[in-house]
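Dear colleague,

Please find below the sequence and the structure that I am handing over to you. My notes on what was found follow directly after.

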Amino acid sequence: MAALLTSPIEVRSNMLSADILSSKYIGLGISNWVPGLYQWQTGQGMLSTSFNGQRPVTFEIDTLDLPIADKRWKVSLSGDVRVSFDDLRDGRWPKPAEVELEKRREALQVAKGIRQVLDIRPLKTSTMVRQLREGKVEDRG
Amino acid sequence: MILAQVIVELRHSQPLKLFRPYEELYRSITGKELPEKEIALPGFMLNVAEKKMRIVVEPGHTSVVLGDVPNTGYCVDNIMGLFRKITELVEMPLLKRLGIRSYWYQESRLDFTSLVSVCKEIFYKPTIFVEESVDIGASFTLKDGEYSINVHFGPMAESQLMTMFIFKPDKLPKVASYLDVDYYSLVNELNITDTILRQFVNAGLKSGVEQSEKLTNILLRKE
């Protein structure tokens, strides 16, 4: 592929249908293609995303420990299922075993029972505001 | 296409204070601005060999280069991790530009000359220049709401493809279609936050994926 070095000549062209790449225009510097030296200049000036700048002081190291997500979140699943962090991020969840499903059903039953006995209702924002303002617990009866 | 390299750049509207100690000292002692701008101190560049990563913190911009990229999630995690580390130590000034640039390639079954011919046929009308050319490339500027996307692509032989990457991949195809997607936004004194940066990086990588899929689909019909 050839590459641009200096100011491109902007050519407005209908050579391609607009729906191929939703292009607004094609800017080609016909006289400035130089393989191996790739640099692009748009009509808005030199704006390409780049790391180049002045002359920074350079350091070389072997590695770097970053607080990235797969370090913060440890993957630990029952049954010694080997699932990586990438699997979880991409939505590749392992199916729960029958034993786990049974435990979940039991836990739901217990939770329902507790809710009925204690008459637990969701604490709404309006209720909280009223309690804070009036300094008393709302009568739920 | 294979994602080979990602560059994220935050361009500062004012030089980082870290690099202007004389100005700060003069102001704190005299209560006035320096009569002339001091030359800023040199920036900082860190190359991390194992991770094929480069971090550049300069007065005018803060950048991260990621080579050997396994997937887009890796990019988001590392970019966020790095910028979090940097902003723990350095107060990030207001920004004037956000940019994320992704570099892609796809091995071609064709030899270089044939791939050039295919690109001519797809992207150009036959003219004397097109017919005589031995190499070719194309550049487009697209829009995605407030963001602009500069897309460049074309055929490349291994030797030229190698020059596109800061960290040279171990193996590259003999002939490939190359794609460079620069997704950016000019902003007016933006105060960058974790949420804004994460959304921007995700949007830029998503756009890169979209452009690479478009190009692959177009080329596959002819290759």
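**A buried glycine in chain B**

Gly208(B) counts as buried because 27 other C-beta atoms lie within 10 Å, the cut-off being 20 or more. Please bear in mind throughout that this is a predicted model. The glycine belongs to helix α6 of chain B, which covers residues 194-220. Leaving aside residues up to four places away in sequence, Gly208(B) touches Ser102(B), Trp104(B), Val181(B) and Tyr183(B).

**The core and overall make-up of chain B**

Which residues touch the most other members of the largest nonpolar core? They are Tyr178(B) and Val201(B), in a core of 56 residues. The element that gives the most to this core is strand β8 of chain B (residues 175-190), with 7 residues.

Chain B contains 6 helices and 8 strands. Their order from the N terminus is β-α-β-β-β-α-β-α-α-β-β-α-β-α. Of its 223 residues, 40% count as buried. Among contacts in chain B with a separation of 6 or more, 73% are between residues 24 or more positions apart.

Strand β3(B), residues 53-57, is mostly covered, with 4 of its 5 residues buried. It pairs with two other strands, as follows.

- Strand β2(B) (residues 44-48) runs antiparallel to β3(B), and 5 bridges join them. Met45(B) stands opposite Val56(B) of β3(B). The hairpin of these two strands has 4 residues between them, and Lys52(B) takes a positive phi near 50° there.
- Strand β4(B) (residues 61-67) also pairs with β3(B) in the antiparallel sense, over 5 bridges. In this pairing Ile55(B) stands opposite Val64(B). A hairpin of 3 residues leads from β3(B) to β4(B).

**Helix α2 of chain B**

Helix α2(B) takes in residues 72-89, 18 residues in total, and reaches 26 Å from its first C-alpha to its last, close to the 26 Å expected. Its buried residues are Tyr74(B), Cys75(B), Asp77(B), Asn78(B), Ile79(B), Leu82(B) and Phe83(B).

**Chain A**

Chain A has 4 helices and 3 strands, in the order β-β-β-α-α-α-α along the sequence. It has 141 residues, of which 11% count as buried. For contacts in chain A between residues at least 6 apart in sequence, the share joining residues at least 24 apart is 41%.

Is helix α3(A) covered or in the open? None of its 21 residues is buried, so α3(A) lies largely in the open. Just after the helix, Asp119(A) takes a positive phi of about 55°.

With kind regards

Key: Residues are numbered from 1 along each chain as its sequence is written. Chains are lettered from A and ligands numbered from 1 in the order in which they are written. This is a predicted model: local features need pLDDT of at least 70, side-chain atom pairs count only at pLDDT 80 or more; totals for chains, interfaces and linings use all residues. A residue is buried if 20 or more other C-beta atoms lie within 10 Å of its own, exposed if 12 or fewer, and partly exposed in between; C-beta atoms are placed from the backbone. Two strands pair if DSSP finds at least two bridges between them. Two residues are in contact if their C-beta atoms, placed from the backbone, lie within 7 Å. The expected span of a helix is 1.5 Å times one less than its number of residues. A nonpolar core is a set of buried Ala, Val, Leu, Ile, Met, Phe, Trp, Tyr and Cys residues joined through C-beta atoms within 7 Å.
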